[in-house]
Amino acid sequence: MRHTVSVIAGDGIGPEVIREGMKVLRRVADLDGGFSFQFTEYPWGCGYYLQEGRMMPEDGMKRLADSESIFLGAVGYPGVPDYISLRDLLLVIRKDFDQYVNLRPVRLLKGAPCPLKDVNRADIDMIFIRENSEGEYSGSGSWLYRGKPNEVVIQDNVFSRHGTERIIRYAYDLARREGRTLTSISKANALNYSMVFWDQVFAEVGSEYPDVKTSSYLVDAASMFMVRDPKRFQIVVTSNLFGDILTDLGAAISGGMGLAAGANLNPERRYPSMFEPIHGSAPDIAGQGLANPLATVWSASQMLDFFGYKSWGARLLEIIEAILTEGRVLTPDLGGNATTEQVGDEVVRKLSESR
Ligand code: NAD
Ligand code: IPM
Ligand code: MN
């Protein structure tokens, strides 16, 4: 079985971490022997923009549509405004390929550093289901009287019934399947249309899942509880913007940006799904071999799960935990002095060892 993967390494540390991710995926396929990956690499990103005046070619989406999945490093770099680089590459892919589920594990792996005190490590074990196609990220709005004294900007939050119901239903299904609790995070006390609607849909859909234990928090209180009492959260469903912010907070309590992975899923598989670390291009450390590739390896593990190779996905997580616990081969963000490549090599070495 051959799986087609489009690779967009992107900007900054993107190419550095993706190189290690591809190396790991190739080794997994070699060891398994029953499947392989056909990677097609696209040089799109800010460098491409500076030469071509666009983030990807006109037929870029058509080319990506031919593959089963996309492996993405990071997008965005000084010199190109973020609202162009991100909207015209990352966000357009998520939206046009209807990758409406952004699944982000917030789990404190064995051996990972945690800044929280008085918290039982095993209690940081959540899966965020972030709405990934609309909400605060709809890209709709207007800018009136630009540059004039009466200037007005309006950014629309779009919550369709279809979009809200399907993400909430996805989260209920996951909670039911895993026998875990489901928490909805919203803000209906201030956002009197979008979030009142969100809460209503959460209750409506919930009536079909009487077996799933639920809670509902306002986003401000939820951020406080994530730090003070993270065991309250198991499966979590929230809007696009809240999910973005809370999963960086999640990364901070579970080992840092170098360990946080995410999958952008089109559950119906009509379009490719995309796997990426949740961190950005980290211009402050780019080009120096300092980037931690383990978030990307975790995203590779999510890709393996998606393709149905769950035992390989789990194996990669065990290897990440072994690397963290041993503490010998770690990048500087985790207190070590290994390079990006050395960490990737260590994953490959451990993979080979285990067979
Ligand atoms: P960032 O995630 O790139 O970096 C935040 C901090 O975390 C930095 O100090 C960085 O050095 C550190 N960090 C991030 N990843 C790391 C890794 N793998 N190993 C070690 N340290 C790591 O966020 P930012 O600085 O706000 O954004 C930089 C650029 O990336 C911007 O253009 C932003 O829009 C873009 N961005 C892209 C994505 C994406 O492509 N998915 C995500 C977030 C931000
Ligand atoms: C993420 C990123 C993106 C987001 C940005 C770069 C548009 O922060 O994947 O978390 O906000 O979704
Ligand atoms: Mn983010």
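Student: What makes up the lining of the largest pocket by residue class: how many nonpolar, polar and charged residues?

Tutor: In this predicted model, that lining divides into 15 nonpolar, 5 polar and 10 charged residues. Asp, Glu, Lys and Arg count as charged, and E178, D305 and K310 are among the residues closest to the pocket's centre. L103 and Q302 are also among those closest residues, with Leu counting as nonpolar.

Student: Which element gives the largest share of that lining, and what is the volume of the pocket?

Tutor: Helix 10 supplies the largest share, 6 residues. The space in the largest pocket is about 720 Å³. Elements that give two or more residues to its lining include strand 4 (101-107), strand 5 (125-131), helix 5 (161-178) and helix 9 (294-306).

Student: What is known of the second largest pocket, and which residues are closest to its centre?

Tutor: Its volume is about 340 Å³. Of the 22 residues that line the second largest pocket, V75, L86, L90, I278 and G280 are the closest to its centre. The lining has 10 nonpolar, 5 polar and 7 charged residues. Helix 4 gives the largest share of this lining, 5 residues, and strand 3 (69-74), helix 8 (240-253) and strand 12 each supply at least two.

Student: Why is L50 called exposed?

Tutor: The relative accessible area of L50 is 59%. Exposed means over 50%, so L50 is exposed by that criterion. L50 belongs to helix 2 (residues 46-52).

Student: How do you know which residues L50 touches, beyond those up to four places away in sequence?

Tutor: Contact means heavy atoms within 4.5 Å, and on that basis L50 touches G79 and V80.

Student: How do you know that the length of helix 11 is close to the expected one?

Tutor: Helix 11 (residues 340-353) has 14 residues and reaches 20 Å from its first C-alpha to its last, close to the expected 20 Å. Among its buried residues are V343, V347 and L351. Helix 1, helix 9 and helix 10 are included in what covers the buried residues of helix 11.

Student: What makes a set of residues a nonpolar core, and which residues have the most contacts inside the largest one?

Tutor: The members must be buried nonpolar residues such as Val, Leu, Ile and Phe, joined through side-chain atoms within 4.5 Å. The largest such core has 86 residues, and F71 and I129 have the most contacts inside it. Another core, of 20 residues, lies apart from it, with L72, L89, L90 and M274 among its members.

Definitions and conventions
Residues numbered from 1 in each chain as written. Chains lettered and ligands numbered in written order. Predicted model: local features only at pLDDT ≥ 70, side-chain atom pairs only at ≥ 80, totals over all residues. Heavy atoms only, no water. 1 Å grid on protein atoms, 1.4 Å probe; cavity = no way out; pocket = protein on both sides within 12 Å on 5 of 7 lines; lining within 4 Å. Points joined across faces, edges and corners; volume = space filled by probe spheres on them. Helix = DSSP H or I, 4+ residues; strand = E, 2+ residues; numbered from the N terminus. Buried < 20%, exposed > 50% of the residue type's maximum accessible area, 1.4 Å probe, protein only. Expected span 1.5 Å × (residues − 1).
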